[in-house]
Amino acid sequence: MSSGAEHRPDPDALLRCQAQTDSGGLKVFLGAAPGVGKTYQMLQSAHELRRQGVDVVLGAIESHGRSDTEALRAGLEQLPPQTLSHAGKRFEEFDLDAALARQPDVLIVDELAHRNIPGTRHSWRYQDIEELLANGIAVWTAVNIQHLESLSDVVASITGVQMRETVPDALLSRARDCVLVDLTPSELITRLRQGKVYLPEQARAALDGYFSPANLSALRELAVQAMAERLDADLRDTMQSRGIAEPWHIRARMLVAVDGSGQGEALVRAGRRLSERRKAPWTVVTVDNGRRTVDERDRLGRVFDLAVRLGAETRTLRGHDVAEELLAYARHHQVTTLILGRSHNQWWRFRRSTSRRLIRQAEAFEVTFVPVPRRQRRHGVRRADARSVHWRDYLWALLCVGSATAVSLALQHLLPLGNLSLVFLTAVLWVAARTGTRPALFTALTSFLTYNFFFTEPQLTFNMTETDESLTVVFFLIIALIGGKLAARLQQQIQLLRQSNDQAREHLAFTRRLAAAPDIQSVQLEAVTALQQQLKQPVIIIHRQSDQDQPTVVAERDHSEPLDTAAKSAAAWSLGNGQPSGAFSDTLSSLNWRFEPIEADGQVFAVLGIDTKNLDAEQYRGLAVETYTHQIALAWFRTELAINLSAARIAEETERLRSALLSSISHDLRTPLATMIGSASTLQSLSAKLAPEDRQSLLESILSEGQRLDRYIRNLLDMTRLGHGTLKIERDWIALTDILSSALRRTRDLFPNLHIERQIADDLPLLFVHPALLEQAIVNVLENAAKFAPPQSTVSIKAWLDQAGERIKLSVADEGPGIPPAQRRQVFDMFFTGGDGDRGPYGSGLGLAICHGMVAAHGGDIAALEGLNGRGTRIDIALPVVESPADENSQGPI
């Protein structure tokens, strides 16, 4: 009944079980509603664990002022919270780093769905818990059912309250243990009135709204369902990891098996009635063996539409043996009841009917046969199987038999009679591999008659006189029928496997094309192009920029005619409701177009339109369009997220630059202005009392600070012009020595206590540059060196031509504290002042940024490197060498 492979452990299930074991021991106390006592029960269990000698620590406990819960804190170690300030207020939050440093055996962290105060490492407390689990710390936590992400919409529809704090369902699935904490609605309401849940004012408001008996009953049912699903998933993983083949019927599940016959709708309705009586989930399944006709596919499409409307899940399985596929699916999904219609034995297939095989092999399941009226059964068995009457297959069979006869006639004097049957057997297998079961059976019977007529004694008759020849012919017929049957089945299985592989390959190629799309427009274009190539149907994407705009076609492929009013209405409906419309749906089903919503993260971005006039319902379902729309939605969501992140980064960088500019202005404008105002006011009020040398010192101070202010304003203007691209490069031929000499004259007052050492090569060619800009760049480098060079140290200036003769290099080195390696690239960013080294608290962070812009405008490079002999900083400037007029005229007299 089950092969050995079915009893082997499932590797995926083993990995899931191991992941729960290795998760650090997450235990979740799941509450049906607030106030049921999750924290109280969790603390009681913690005390019991503490008495067993386990190191239990309280990380975060939310008692909400309940005295009985507060009393349970005594006797347990608690980590001190961290204090944070936000919006002018101080808050206490769970200290994740302290917990990681403490490394207890079990850490109690209450309120799984809590949103952390800005300033902590993670935005949500469940992310803190994930980090604790990743570090091997067992965590106990608590959460209410309304905070599960998948149930937020359901809870909002029941209670009228939208939960803003939610946790992913995957975290609950990851938990090693899950405890349901529950109270009846009457008990919880009593606790609420006694003030054990909220304060009296809050309790009265809660009783009038959220804590109504109907709401509490609905939340209890949701909690019980969530626990049942969790237990069901754990049970399935445990069974699969242990290789247990037979299902454990813990929870009722129903499977309705349908085909393309006329009894499918009756089976679906019967399955709905039974599932309602037993309150069990149900699934409608069909097995595609590749032999359905067009009428059967249409009929099956209507059956699936009915199943979806009645609330069932639908699945299409692929395989040759219907009974084996149904049983394998039922075992894997813990199905308890199989519902199907009665089928009949088919003698030409040499096997029992599907219903008889299920009765024989499904000992572990309840099998229910639904009676179907004879009229529907007759309607279902009327076939127009184009494949079974295709004359080309039978013509091919006759040609193969004729070829086998010709070969056998040529070899009948060389081979014994028994060996000639192998020639005909080869023809049978060949036809079976190329066509199907019925042509193979036709070939076997034709070969049997031909073999008997031409090669058995007496020849040219169907009579046989020799017993051994009779046995040979009979065994040949049996082997031919069995071989043809097996070869035809293998050929069908190969076709199904090839279809599945082709579909998977197409999905993979489609996903890769979308993953390479950099923006939304590219996603739209790649989506319609790839889909049209794979589906061979006209494809469009319809989008609406805002609620006020009309839906418009933003991308199309193989579509030229405009959509009519009905199609536009269907597209708009799908955009607004997030549901499919058009062909094969319940909304405007008479249209040729099918519109599928492109939805991700609860947001409908657009709709995908496919022209289905050349498709039937079964063919459309076989295209797996839902998979394509899901991939488009994910790509669309990814690009929008990238755009939002880019905009956020730009806004953050703009804010950083604005703050840096304000800080720079406050320092570099106010400091010299304060000095100038102080010196000027002193001269004004005390000029007669000051000695001449003091007055001269004050005047020099005013002049020096004014020049400093002038340099800063020029830097700002130069940076502005560089940023806006308005800085004009008016080039001229000039020697580097002239520019360097002029720069040193302008900065000579900055080097009163420094030694200048120059090493300038004699063979430097002329530079084709903007002299004033390059001079300003060198001045900024010299000023930077003068700021940080200690007194009586040396500033080295070196210029030389590189070995290739393509660049002139200029190096300015000081003996200051130097720049850390991690900041040597950042020093050329605007307003970057660092925290230590050469950048320290000095300056505005514009000087080297301006140098970088001016040098880059000339096609050169600038870099900050380690100073000479490992001391200080060296700024290297490299400028390209252009053929000078002197070189052009040095070829001799004209």
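Start by selecting Leu107, Ile108, Leu132 and Ile145: of the 60 residues in the largest nonpolar core, these touch the most other members. A nonpolar core here is a set of buried Ala, Val, Leu, Ile, Met, Phe, Trp, Tyr and Cys residues joined through side-chain atoms within 4.5 Å; buried means under 20% relative accessible area, exposed over 50%, and partly exposed in between (1.4 Å probe, protein chains only). Now colour helix H10 (residues 213–242), which gives the most to this core, with six residues. (Helices, H or I of at least four residues, and strands, E of at least two, are DSSP runs numbered from the N terminus.)

Before moving on, a word on what you're looking at: this is a predicted model, where local features need pLDDT of at least 70, side-chain atom pairs count only at pLDDT 80 or more, and totals for chains, interfaces and linings use all residues. Residues are numbered from 1 along each chain as its sequence is written, and side-chain values use heavy atoms, with hydrogens and water left out.

Next, zoom in on Ile108. Skipping neighbours within four places in sequence, Ile108 is in contact (heavy atoms within 4.5 Å) with residues including Met42, Ala46, Val57, Leu58 and Trp140.

Switch to cartoon view for the sheet. Six strands form an open, parallel sheet in the order S3-S2-S6-S7-S1-S8; two strands pair if DSSP finds at least two bridges between them. At the edges, pairing on one side only, are S3 (77–78) and S8 (177–181). Pick out S6 (residues 106–109) and S7 (residues 138–144), which pair in the parallel sense over three bridges. Select Val106 and you'll find its bridge partner in S7, Ala138. Then show helix H2 (residues 38–51), which packs on the sheet and touches S1 (26–31), S2 (56–60), S6, S7 and S8. The direction of H2 makes about 160° with that of S7, going by lines fitted to C-alpha atoms (for helices over the stretch in contact), with angles from 0 to 180 degrees between N-to-C directions.

The test is NZ of Lys or CZ of Arg within 6 Å of the ring centre and within 35 degrees of the ring normal. For another example, select Lys798, over the face of Trp800 at 5.0 Å from the ring centre.
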